[in-house]
Protein chains: 2
Amino acid sequence: MARLASGEAEALLGSFREWLRRHGQPVTRQRDQVAAVVLGSTDHLSVEQIQERLQAQGATVGLATVYRTLDLLVQSGMVRGHDFGQRSRRYEPMGPGSVHEHLICTRCGKVEEFTHERLERMLPIIADEYGFQPDRHRVEIYGVCRECQRRVLG
Amino acid sequence: MARLASGEAEALLGSFREWLRRHGQPVTRQRDQVAAVVLGSTDHLSVEQIQERLQAQGATVGLATVYRTLDLLVQSGMVRGHDFGQRSRRYEPMGPGSVHEHLICTRCGKVEEFTHERLERMLPIIADEYGFQPDRHRVEIYGVCRECQRRVLG
DNA sequence: TTCCCTGCAAAGCATTTGCATCAAA
DNA sequence: TTTGATGCAAATGCTTTGCAGGGAA
C-alpha cells in the first residue's frame, strides 16, 4: 500500500479540483474522496480496491460514482487506466514526470514499474515516421518475476 | 480485408492442425474453419467479425466454439490477442518472424502495425535488468492517424 | 426553484460455463 | 465404441445507464 510523498498527493488533488472548476464541474465530497484515494496511492488499484479503501476510511461512495469519477480523473490526464489482462481495469496516478512502463508477472500477477529514457524518446519518433500524431503509449513486458523464478527452482 | 499470401495461410493452418494432434486434440471441422479465418487474415479481428466471416462462407460455428478455438490458437502461439481499449478483444495471426507492434488511432480506431528492430532488442534487456524473465511484450502507441489529422484540418 | 450529482437497482455486453447431443478417433 | 467437442442457453462479472431523491446556488 505504497503512497506518494503526502505533499505530492495533496498537490495532485488540488490540481484535480482546479481541473473540475475549469471544466464547470462541481467539486463534490465524493469526487474528492475518490480522487484522494487514487492520487494518494502508488499501486495499480482496481475499482474493488478503491471501494475497500474508501470504506476503510469511513467514506461512503456508490460504485457508479466511483466509475464516473475515474472517468473524470482519466479525462483530466491525472490518472491512467490499464488492462493487464486481469479481471478488471487498474488505475494509477500520473503525476507530472511520472512516465513509466510496466513489467507484469504472469505467475503471481505482480506489476512492477520501470523507466527507460531512451525508450520514451524512441516511441514518438517511430510514430512520426508513420504519420501518426502520438498522444500516449503503453509498453508492457510479460514474464516471470524474480520471486516466482525462485519459487519454481526452489 | 487484407489476407496473407495464400500459401502462408495454408502453412499456418497446417501447423495448427499439427499442434492439435501433438496435444492430443481432435482436428474438427469447426476448429479448422475458425483457424482458417483468423490465420488467413491480416486484420485484427473481433469475435464478431470472425463470426461474420464464417457465416459469409456458409460455415456454422457456435459462439462458444469460436471462443474455445481462439484459446487454442493463442495457446499454440499462432494467434495473438489484444485489448486496444475497444469493446472487445482483437485477434491476429502470428506467423514465424511476424514480430510487430501497433499504432492505434483514437479517432477512427484504425490499427496499423510497425516493426522496429532496435526496440525489439531493447525490451528483453530491460526486463533482465529488473530480474524479469521476459516472455512476450506489447508496445502500443495511441494517437491520431494521418487520415484523421487531414480530416480535422480539412 | 433549478440544475445536475449521487446512489440504487436494473440493464448491457463480452465472455464463460453446464449439459445434452453428436462427431472424431 | 469411447471420448470429449459442440451448441444452445443460462450464468457470470465488470461496467454503464435510468431514474428518483437530494444538495447547492
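Q: Take contact to mean heavy atoms within 4.5 Å; which strands does helix H5 of chain B lie across?
A: This is a predicted model. Helix H5 (residues 117–129) of chain B lies across S4, S5 and S6 of chain A as well as S4, S5 and S6 of chain B. Its direction makes an angle of about 125° with S6(B).

Q: And what does helix H5 of chain A pack on?
A: On the sheet: H5(A) touches S4, S5 and S6 of chain A together with S4, S5 and S6 of chain B, at about 125° to S6(A).

Q: What makes this an open sheet, and which strands are at the edge?
A: The order is S5(A)-S4(A)-S6(A)-S6(B)-S4(B)-S5(B), 6 strands with mixed pairing. The S5 strands (111–114) of chains A and B each pair on one side only, and these are the edge strands. Neighbouring strands are turned by 25° against each other on average, direction ignored.

Q: How do you know that strand S6 of chain A and strand S6 of chain B pair?
A: Pairing takes at least two bridges. S6(A) and S6(B), residues 133–144 in each chain, are joined by 11 bridges, so they pair by that rule. The two strands run antiparallel; Tyr142(A), for instance, has Arg136(B) as its bridge partner.

Q: How do you know that the copies meet through the same surface?
A: Because 100% of the interface residues of chain B are also interface residues in chain A.

Q: What makes the pair formed by Arg68(B) and a base nitrogen of DNA strand D a polar contact?
A: The cut-off is 3.5 Å between N or O atoms. A side-chain N or O atom of Arg68(B) is 2.6 Å from that base nitrogen, so the pair counts. Tyr67(A) makes it too, with a polar side-chain atom 2.5 Å from a phosphate oxygen of DNA strand D. Gln30(B) lies 2.9 Å from a sugar or linking oxygen.

Q: How do the residues near DNA strand D divide, and what share of the surface comes from H4(A)?
A: They split into 6 nonpolar, 7 polar and 5 charged. H4(A) gives the largest share, 4 residues.

Terms used
Residues numbered from 1 in each chain as written. Chains lettered and ligands numbered in written order. Predicted model: local features only at pLDDT ≥ 70, side-chain atom pairs only at ≥ 80, totals over all residues. Heavy atoms only, no water. Polar contact = N/O pair within 3.5 Å; in protein donor to acceptor, adjacent residues only side chain to side chain. Nonpolar A, V, L, I, M, F, W, Y, C, P; charged D, E, K, R; others polar. Contact = heavy atoms within 4.5 Å. Axes fitted to C-alpha atoms, helices over the stretch in contact; angles between N-to-C directions.
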